[in-house]
Amino acid sequence: MRQVAVVGIGKTAFGAFPDRDLRSLAVEAGQKALENAGAKHSQVEAFFLGNFAGPSFVGQNHLAPYVAAGMGITGIPATRFEAACASSGAAFFHAVSAVAAGLYDVILVTGVEKMTSQPTPKVTEILAGAGDLCGEVRAGATFPALFAMIARRHMYQYGTTREQLAAVAVKNHANGAKNPLAHMRKVITMEQALNGKPISEPLTVYDCSLISDGAAAVLIAPFERASEFTDKPVRVLGISQASDNVALDEKEDITTLRAVKISAEKAYKMAGVKPSDIQFAEVHDCFTIAEIVAIEDLGFVKKGEGGPYSLAGKTCIQGELPVNTSGGLKAKGHPVGATGVGQICDVVQQIRGEADERQVKRNSLGLAQNLGGSGATSVITILGAA
Amino acid sequence: MTNPGSGTVYTETVVFSPPEAYVNDVPYQLAIVQLESGRRLTGRIDGERAHIGDKVKFVEFRKDVAFFRKSI
């Protein structure tokens, strides 16, 4: 199997952009990734697109060739991957697999979502399509409701508190305020976070990620060819994808996400590292509780200790394990199909030392965790300096 | 549909921000009920607010959704 490197990254700003369509966002991110790598369009051998619900949000199908052609790229395989909020994580996993196997050398992987053209109840309904429509969703479950039920159970089993959840929101807003591409560049206080408008008890609006438009892209190549594109290649040291039941009520213990544990174990094994070796991480904080569960399932802390660890400030940029220095889905924004590749861009930026005032000191080994639904898809990527 | 019988609340939430189909229902309580039969079912709680560990009794199906009520 060949070693794979990320040789170019490109992102649009995340936010609400009424004047931008899905394709223009995806094209912008892709062009930026090619420019970043100094690559020509003709060097791209395959185009993998992560997108959750373009057909529902904007009505457009056949998205991968549509976006590729928008960049002036035709004549190569162009394929869309859908895995709910892990859509572009899944696209990235399969792109890395294909390059590692020797099928292609250079693949452009883009993630995109255009969400803000629909009113919130409609967005809520489209997102709920990542749940079990014949069961939990019919009963009235939304994604905030599913994660609220995870939060309630986590509070019941481990004593996790509202303050601990709010600490995640306060920290991610503080990081997002320093990220020029973040959707919400606003610092919030603990008091604000605790007194937000209720969305699904115990979660308030400050516990929920944002409804955003945006795109992100990476160019990957075999490590032995990386120097053709960049003097700062970042290695994909470990990567794994795993699945689980879609319905929350079919998962045995909802305070731990099995697919995350399985994919993390495999990725650590492939990279030859332990959880304690990881220096910083971008995790899938679609809701504050999801960040707490993630740092537990990734093995950074013991089960039940994610809340106290977060409240103690250990996951801040200056803490012992910086988590979501980008602002996370909470503040950076969550254009769902773009999130997985967006996280890869964020980790690469840190490893290259290009994160400006958000730069972490120990930056040679980072992890990205991209989650689909209430845990039915998980993609874990471990990236390292060359 | 068969009567799921009684059970215990495994987890619950009160929904304030609904999907389009349920905009007229909010706020409503949603729960995963651990049924005595051993399986779990997501349904609604009618009437008094139920918490984790509370016993609930099946009331009826409304549009294929199981409604439960807190046992007294």
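**Terms and basis**

Helices (H or I, at least four residues) and strands (E, at least two) are DSSP runs, numbered from the N terminus. The model is predicted: local features need pLDDT of at least 70 and side-chain atom pairs count only at pLDDT 80 or more, while totals for chains, interfaces and linings use all residues. Residues are numbered from 1 along each chain as its sequence is written, and side-chain values use heavy atoms, without hydrogens and water.

**Largest cavity**

Two cavities of 30 Å³ or more are found in a search of the whole structure. A cavity is a set of points, on a 1 Å grid over the protein atoms alone, where a 1.4 Å probe fits but cannot get out; lining residues have an atom within 4 Å of a point. Grid points are joined across faces, edges and corners, and a volume is the space filled by probe spheres set on the points.

The largest cavity has a volume of about 50 Å³. Its lining consists of F147(A), I150(A), L257(A), H284(A), A290(A), V293(A), A294(A), Q369(A) and L371(A). Two or more of these residues come from each of α6 (143-158), α10 (288-297) and β10 (365-372) of chain A, and α10(A) provides the largest share, three residues. By class, the lining has seven nonpolar residues (Ala, Val, Leu, Ile, Met, Phe, Trp, Tyr, Cys and Pro), two polar (the others, Gly among them) and no charged (Asp, Glu, Lys and Arg).

**Second largest cavity**

The second largest cavity has a volume of about 40 Å³. Among its lining residues are G89(A), F92(A), Q343(A), N370(A) and T381(A). The most, three residues, come from α13(A). This lining comprises four nonpolar, five polar and no charged residues.

Notes: Chains lettered and ligands numbered in written order. 1 Å grid on protein atoms, 1.4 Å probe; cavity = no way out; pocket = protein on both sides within 12 Å on 5 of 7 lines; lining within 4 Å.
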